[in-house]
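Visitor: Hi! Could you walk me through the charged pairs and the chain contact in this one?
Guide: Happy to, let's look together.

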Amino acid sequence: MAFMFTVSPDFTPDHLSGWYIFNTWLQKQTGEGIHLEMYDDFNSQRQAIKDDKVDLIYANPFDAAMLVREKGFLPLVKADGTADEAIIAVNADNKVEDVAHLSPGVKVAYTDDPDVKMMGMIMLEPGDLDATNIVPVISDTYVLVAKHLLKGEADVGIFLAEAYDDLSSVIKKQLRILVRSQISVIHHALMIGPNLQHKREEIQQMLLNMNNEDKGQGVLKSLGFSGWGKVDDEEMEFMIDLMDTLVM
Amino acid sequence: MIYDMKPEDIIGEYKEVTLQLYRSIARKILYTEIETPYPDGKLIVSTTDPDGVITHVNQSFIDMSGYMEEELVGAPHSILRHPDMPPAAFKDLWDTVKKGEKWQGFVKNLRKDGGYYWVKATVIPNVRNGKVVGYTSVRRKPSRTKVEECIKLYPTLF
């Protein structure tokens, strides 16, 4: 029976093929049958986790807590030099200079990416804004968040910083950043479920060595990563504790 | 260890007071009316052992407190205690986290240079194998409205 691998639905679409290449590499290295299943949205992926279908996951920090505490997952690695950060942006024509000048009733566009939404909402707090007094404009993608701002259908947009930076320069010229988070310690992680944990050290070592071999380097490039860094149990626990302080 | 504040570290005109901290530590506090604004987009993070002794701080903590990392790690967290903070707030904090619950509140913190900064603080117990091994405290930028409310409320709680 093949193990099941999945990736948090907030991955950069440019790297979709990269995950398939990575999965092929992983199967060759481990000699295990691993099936990559990509979910379009967080709800369907969470249902698969709930049903114990997932054995390996590149998880967003929000889900990591549930995976460790409720499903017995353990961390393997994180992408070197990456952290999840969020951006609050407005239309360039908007007169608002500071989050503190926004008012209740403001229309906020965001995706269902849970950790980015959480970081964004934290950055709106200095303006006395919270889930009870904003008008949500739910968007399928960050490009649509940008479009809502450009068309005046939203006043404020919450972006994954990486996604904002990847927007075309034409779009970015018409937007303005109010706040960019600099949290540094919240990141995605590759995690391993109970059925595969007998292979944890072996897989972890393979991943850490990946950028030392030619084929591995090519696979990493297709994912947009320079290499993997080890995440030990305590580092993961620390990130989960930190996430707990932010979720209210 | 925690030391009395030294006049040579203070920037600006200061007042002097002796605070009675947790575990009967007395500390001479020198404080000014100079506020350092909370930086946009950052989180101040620290962890302590179960007795409130600092075990880890991040760069934002170092930058905002004005201390060096080696002065902070090993010191009680009350190194940040500002005389304008009512002791009742910290009693509530400890009572809450010792029950295993999350505490949240607005805190005026004292800098090494005698100035201050306001934060929205959240403290949670770190549970490992069913045992509390310490606490994580995360501060974020507070709303000015809430800070103004606290400036009015806190003096009434002494």
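Guide: What follows is a chat about a predicted model.

Visitor: Let's start with the charges. How many salt bridges are there over all chains?
Guide: The structure holds 24 salt bridges, counted over all chains.

Visitor: Show me one. What does A:R69 form a salt bridge with?
Guide: Its partner is A:E237, and the closest N and O atoms are 3.0 Å apart. The pair links distant parts of the chain: A:R69 is in helix α3 (residues 61-71) of chain A and A:E237 is in helix α10 (residues 233-246) of chain A, 168 residues apart.

Visitor: And are those two buried or exposed?
Guide: A:R69 counts as partly exposed, at 41% relative accessibility. A:E237 is buried, with a relative accessible area of 17%, because the cut-off for buried is under 20%.

Visitor: Which side chain meets A:E235 in a salt bridge?
Guide: That would be A:K78, at 3.1 Å from N to O. Here too the pair links distant parts of the chain, with A:K78 in strand β4 (residues 74-79) of chain A and A:E235 in helix α10 of chain A, 157 residues apart. A:K78 counts as partly exposed at 23% relative accessibility, and A:E235 is partly exposed with a relative accessible area of 25%.

Visitor: OK, over to chain B. What does B:R128 form a salt bridge with?
Guide: B:R128 pairs with A:D241, the closest N and O atoms being 3.0 Å apart. B:R128 lies in strand β6 (residues 116-128) of chain B and A:D241 in helix α10 of chain A, so this pair joins two chains.

Visitor: How buried are they, as relative accessible area?
Guide: B:R128 is buried at 14%, and A:D241 is buried at 2%. Salt bridges that share partners also join A:R69, A:E234, A:E237, A:D241, A:D244 and B:R128 into one network.

Visitor: Nice. How many residues does the contact take from each chain?
Guide: It takes 20 residues from chain A and 24 residues from chain B. Between them the two chains bury about 1900 Å², 54% of it on carbon and sulfur atoms.

Visitor: How many salt bridges and polar contacts cross the interface of chain A and chain B?
Guide: The rule finds five salt bridges across the interface. One salt bridge in the model is between the side chains of A:E125 and B:R140, at 2.5 Å from N to O.

Visitor: Which elements give two or more residues to the side of chain A that touches chain B?
Guide: Those are α4 (114-124), β9 (175-180) and α10 of chain A. The most comes from α10(A), with eight residues. By type, the residues on that side of chain A divide into 10 nonpolar, three polar and seven charged.

Visitor: Changing topic: which residues are buried in helix α9 of chain A?
Guide: In α9 (residues 214-223), A:G216, A:V219, A:L220 and A:L223 are buried.

Visitor: Why do they line one face of the helix?
Guide: Seen down the axis of α9(A), the buried residues fall within an arc of 100°, so they line one face. An α-helix has 3.6 residues a turn, so residues three or four places apart point the same way.

Visitor: What do they pack against, and which residues are exposed on the other side?
Guide: The buried residues of α9(A) pack against α1 (16-30) and β11 (228-230) of chain A. On the other side, A:D214 and A:K221 are exposed.

Visitor: And what follows α9(A)?
Guide: A:G224 does, with a positive phi near 80°.

Definitions and conventions: Residues numbered from 1 in each chain as written. Chains lettered and ligands numbered in written order. Predicted model: local features only at pLDDT ≥ 70, side-chain atom pairs only at ≥ 80, totals over all residues. Heavy atoms only, no water. Salt bridge = Lys/Arg side-chain N within 4 Å of Asp/Glu carboxyl O. Helix = DSSP H or I, 4+ residues; strand = E, 2+ residues; numbered from the N terminus. Buried < 20%, exposed > 50% of the residue type's maximum accessible area, 1.4 Å probe, protein only. Contact = heavy atoms within 4.5 Å. Buried area = accessible area lost by both parts, 1.4 Å probe. Nonpolar A, V, L, I, M, F, W, Y, C, P; charged D, E, K, R; others polar. Arc of directions from axis to C-beta.
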